Amino acid sequence: MKKLTLIIPCYNESSPLIDTYNEVKRVLNDQELKKKYSYEILFIDDGSVDNTLSVINDLAAIDETVKYISFTRNFGKEAGMLAGLKHCNGDIVIIIDADLQHPPHLILEMVHHYEQGYDQVIARRSRKGEKFSRKWITKTYYRLINTLMEVELGDGMGDFRLLSRRAVDSLLAMPEYNRFSKGLFSWIGFEKKVIEYENQERISGESKWSFLSLLNYAIDGLISFNSKPLRMLIYLGLLIMFLNLLYIGFSFVNIVLFGIDLPGYFTMISAILLLGGIQLTSLGVIGEYVGRIFYEVKRRPAFIIDKTNIPLK
Ligand code: UDP
Ligand code: MG
């Protein structure tokens, strides 16, 4: 019999957790599914400061399919997912949020597609019913991101997905410390199947994302994933050099023909400000890469486990 692992990263999710548990349990106890798969529900307590861990412990006491890994502090969702992937032993792994924003009933459909041979089944949040302007902005955003990145990111495709054992092992073969899962999922390739669901409101508790953290996440993704921004700096530098050469040629001819006449206050200030800005931004981008190299070479673990009820690999 094959095994299905459900990974649920949790950070301060004590309020929605029981509902989520009941809901996924109902789905996993589906008659057809149970005939073919045994399952485990692996909660990753990402250093919650509320009583998430005691809720999980209570569940584990009455249900032996409930497993957990608890971190010593908050390491972030990426670390949580990594811990789950690393220490689970399912033949199929599904990652799902703890707040029921990812409809659990899709699990059955995902498994169905897995059986047809897909190594990744991605649940995509649709933008049905959203305003046209909003749709347009996200579409443009993704078009931009995708030209800047080596891998293709899909709108609405988050972490809610099924991975086959092969796919999980491929993900684990990438040892990087700075993990940008959206990119990694895409990078490993494999045949993918996308299914859609409608956006769900969080049932309780609150989102851990602010506008600023989303912006930081976007920059992280862009920079930690490839070196295209560096390449673009080279092009930008070349472009400015080219424009400068034109300008110098133009000024030279002007001087030869008409002599020096203009007080170059405006041109000088503009050049200083523009170039200064570009240089600072470029330094920032390079700094980001250096910073990342710094973190990578330290080879720190991405998380530290405090308590668990599963054998660690
Ligand atoms: N999460 C986590 N560690 C964190 C932040 C979030 O494990 O540091 C989990 C959180 O408990 C939830 C999932 O990641 O299960 C998605 O978080 P959230 O609902 O806050 O994100 P949103 O749905 O608003 O994008
Ligand atoms: Mg959420």
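**Entry 1. Record and model**

UniProt positions are given in the numbering used here, and its annotations may be inferred rather than shown by experiment. With that in mind, I looked up the "transmembrane region" feature, which the unreviewed UniProt entry places at residues 233-260 and 266-290. I note at the outset that the structure before me is a predicted model.

I then examined the two spans in the model. Residues 233-260 are 93% helix and 0% strand, and the C-alpha atoms at the two ends of the span lie 34 Å apart. Residues 266-290 are 100% helix and 0% strand, with end C-alpha atoms 36 Å apart.

The unreviewed UniProt entry also places the feature "domain: Glycosyltransferase 2-like" at residues 6-171. In the model I found this span to be 46% helix and 23% strand. Its end C-alpha atoms lie 16 Å apart.

**Entry 2. The whole chain**

I recorded 11 helices and eight strands in the protein chain. The radius of gyration is 25 Å, well over the 20 Å that the globule rule gives for 313 residues, so the chain is more spread out than a compact globule. Along the principal axes, the C-alpha atoms fill a box of roughly 90 × 40 × 35 Å.

I also looked up burial and contacts. Of the 313 residues, 26% count as buried. Among contacts between residues at least 6 apart in sequence, 85% join residues at least 24 apart.

**Entry 3. The surroundings of ligand 1**

Which residues are closest to ligand 1? I found Pro9, Tyr11, Ala98, Ser207 and Lys208 to be the closest of the 17 residues that surround the ligand. Strand E1 (2-10) and helix H4 (77-87) are the elements that give two or more residues to this shell. By type, the shell divides into five nonpolar, five polar and seven charged residues.

I next turned to helix H4. Nine of its 11 residues are buried, so the helix is largely enclosed by the rest of the structure. The buried residues of H4 are Lys77, Glu78, Ala79, Gly80, Met81, Leu82, Ala83, Gly84 and Leu85.

**Entry 4. The nonpolar core**

The largest nonpolar core has 48 residues. Within the core, Leu6, Ile7, Ile8, Leu42, Val93 and Ile94 touch the most other members.

Lys3 is found in strand E1. I counted 15 C-beta neighbours inside 10 Å, so Lys3 is partly exposed; a residue would need 20 or more to be buried. Apart from neighbours within four places in sequence, Lys3 is in contact with Tyr37, Ser38, Tyr39, Asn89, Gly90 and Asp91. His113 is 110 residues from Lys3 in sequence, and the two C-alpha atoms are 16 Å apart in space.

Lys35 has its place in helix H2 (residues 31-36). Is Lys35 buried or exposed? I found 8 other C-beta atoms within 10 Å, so Lys35 is exposed. The C-alpha atoms of Lys35 and Met1 are separated by 8.5 Å, although the residues are 34 apart along the chain.

**Entry 5. Gly47**

Where does Gly47 lie? I located Gly47 in the loop between strand E2 (37-45) and helix H3 (52-62). With 22 other C-beta atoms within 10 Å, Gly47 is buried, because 20 or more is the requirement for a buried residue. Leaving aside neighbours within four places in sequence, I noted that Gly47 is in contact with Phe71, Thr72, Arg73, Asn74 and Phe75.

I compared its position with that of Ser207, one of the residues closest to ligand 1. Gly47 and Ser207 are 160 residues apart in sequence, and their C-alpha atoms are 16 Å apart in space.

**Entry 6. Two positive phi angles**

I looked up two residues with a positive phi. Asn12 has a phi of about 50° although it is not a glycine, and its place is in the loop between E1 and helix H1 (14-28). Asn12 is partly exposed, with 19 other C-beta atoms within 10 Å.

Arg299, also a residue other than glycine, has a positive phi near 55°. Its place is in the loop between helix H11 (265-298) and strand E8 (305-308). I found 8 C-beta neighbours inside 10 Å, so Arg299 counts as exposed.

How values were computed:
Residues are numbered from 1 along each chain as its sequence is written. Chains are lettered from A and ligands numbered from 1 in the order in which they are written. This is a predicted model: local features need pLDDT of at least 70, side-chain atom pairs count only at pLDDT 80 or more; totals for chains, interfaces and linings use all residues. Helices (H or I, at least four residues) and strands (E, at least two) are DSSP runs, numbered from the N terminus. The radius of gyration is taken over C-alpha atoms; the globule rule is 2.2 Å times the number of residues to the power 0.38. A residue is buried if 20 or more other C-beta atoms lie within 10 Å of its own, exposed if 12 or fewer, and partly exposed in between; C-beta atoms are placed from the backbone. Two residues are in contact if their C-beta atoms, placed from the backbone, lie within 7 Å. A residue is near a molecule or strand if its C-beta atom, placed from the backbone, lies within 6 Å of it. Ala, Val, Leu, Ile, Met, Phe, Trp, Tyr, Cys and Pro count as nonpolar, Asp, Glu, Lys and Arg as charged, and the others, Gly among them, as polar. A nonpolar core is a set of buried Ala, Val, Leu, Ile, Met, Phe, Trp, Tyr and Cys residues joined through C-beta atoms within 7 Å.
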